[in-house]
Amino acid sequence: MPEGDTVWNTARVLEKALTGEVLTGSDFRVPRLATTDLTGWTVAESASRGKHLLLRLTRDGRPPHTLHSHLRMDGAWRAYAPRERWTGRPAHLIRVVLRTARSVAVGYHLHEVTLIPTAEEDRLVGHLGPDLLGADWDPAEAVRRIAAKPSATIAEALLDQRNLAGVGNLYKAETLFLRGLWPWTPVARVTDLTGTVELAQKLVAANRGRWTQTTTGSLRKGETNYVYGRRAQPCRRCATAIRKAEQDERVTYWCPRCQPEP
């Protein structure tokens, strides 16, 4: 599931495969860009912001452009050698193919694929809060944005990318467990918002550079999380059965003893 660290890692994969390379071909399988040809453009930078990927492109005599894609819950990019078989996902999920002399980048099940002048990037990502893995990370600003909606649940607030960019369902559930917060607690009743957002950032940052996401410190299968994905299994702290429920069109996991209702 793409969260801030996964998208950051994906940006690094594309950086290694494409940055500094001239595109020798492109194939867009989305209606808006079906006739777009990026042959001759150079990939200047691969960046991430929250769950958004930004490939910045340059070409002599033209304004820089950005190829934007959103991974949401199921998007992914894979890099291959020129003659390597594409094994990342079924072929019908391919949305973008970018070719260079030494690599091929394939985007699967991408959302909101857009090509815009780089100077206009804020139209797509300017609404996002501080990026947990970005140079702009600012816990005070994240807290200010969260506190502006005191009636929202703390789970909802952490997932709102306008507050802070990069937290998904996994890190939401794990952060709330470690802070002892019931997911439906109103923001107004959270006594330490700063500690909560700083912990979320630390959890995401700890997994930067690797694909296995762990919040427990263990990389062993079945030991990576405290509550996420562990419905009915015993809490690692108190042995109470972990619960799962729908919350704001997403699922949440929590321990009813370690995270009691206020």
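Thr212 sits in the loop between helix H6 (193-206) and strand S9; helices (H or I, at least four residues) and strands (E, at least two) are DSSP runs, numbered from the N terminus. The model is predicted, so local features need pLDDT of at least 70 and side-chain atom pairs count only at pLDDT 80 or more, while totals for chains, interfaces and linings use all residues. Residues are numbered from 1 along each chain as its sequence is written, and side-chain values use heavy atoms, with hydrogens and water left out.

Thr212 has a relative accessible area of 37%, which makes it partly exposed. On this scale buried means under 20% relative accessible area, exposed means over 50%, and partly exposed lies in between (1.4 Å probe, protein chains only). Apart from neighbours within four places in sequence, Thr212 is in contact with Asn207, Leu219 and Thr224, where contact means heavy atoms within 4.5 Å. Thr6 is 206 residues away from Thr212 along the chain, yet their C-alpha atoms are separated by 9.2 Å.

The domain assignment divides the protein chain into domain 1 (4-126) and domain 2 (139-254); such bounds come from an automatic or database domain assignment. Their C-alpha centres lie 30 Å apart. Across the boundary, 10 residues of domain 1 are in contact with 13 residues of domain 2.

Next comes an open sheet. Its 4 strands follow the order S2-S3-S4-S8, with antiparallel pairing; two strands pair if DSSP finds at least two bridges between them. The edges are S2 (42-49) and S8 (111-117), each of which pairs on one side only. From one strand to the next, the twist averages 15 degrees. Axes here are lines fitted to C-alpha atoms, for helices over the stretch in contact, and angles run from 0 to 180 degrees between N-to-C directions. Helix H1 (residues 4-18) lies across S2 and S3 (52-59), running at about 170 degrees to S2.

Strand S4 (residues 62-70) is joined to S8 by 5 bridges, and the two run antiparallel. Within this pair, Thr66 stands opposite Ile116 in S8. S8 also contains Glu112, which is partly exposed at 39% relative accessibility. Phi of Glu112 is positive, near 55 degrees, in a residue other than glycine. Most residues other than glycine have a negative phi.

Ala239 is another non-glycine residue with a positive phi, about 75 degrees. Ala239 lies in the loop between H6 and S9 and is exposed, with a relative accessible area of 55%.

Glu246 has Val251 in S10 as its bridge partner. The two strands form a hairpin with 2 residues between them, and Asp248 in the turn has a positive phi of about 55 degrees.

The unreviewed UniProt entry places the annotation "domain: FPG-type" on residues 226-260. UniProt positions are given in the numbering used here, feature names are shortened, and annotations may be inferred rather than shown by experiment. Over residues 226-260 the chain is 0% helix and 29% strand, with its end C-alpha atoms 16 Å apart.

How many disulfides does a search of the whole structure find? The search finds 0, where a disulfide is a pair of cysteine sulfur atoms within 2.5 Å. The closest cysteine sulfur to that of Cys255 is in Cys238, 3.6 Å away, so the two are too far apart for a bond. Cys258 is in no disulfide either, and its nearest cysteine sulfur, that of Cys255, is 3.7 Å away. Cys255 counts as buried, at 0% relative accessibility.
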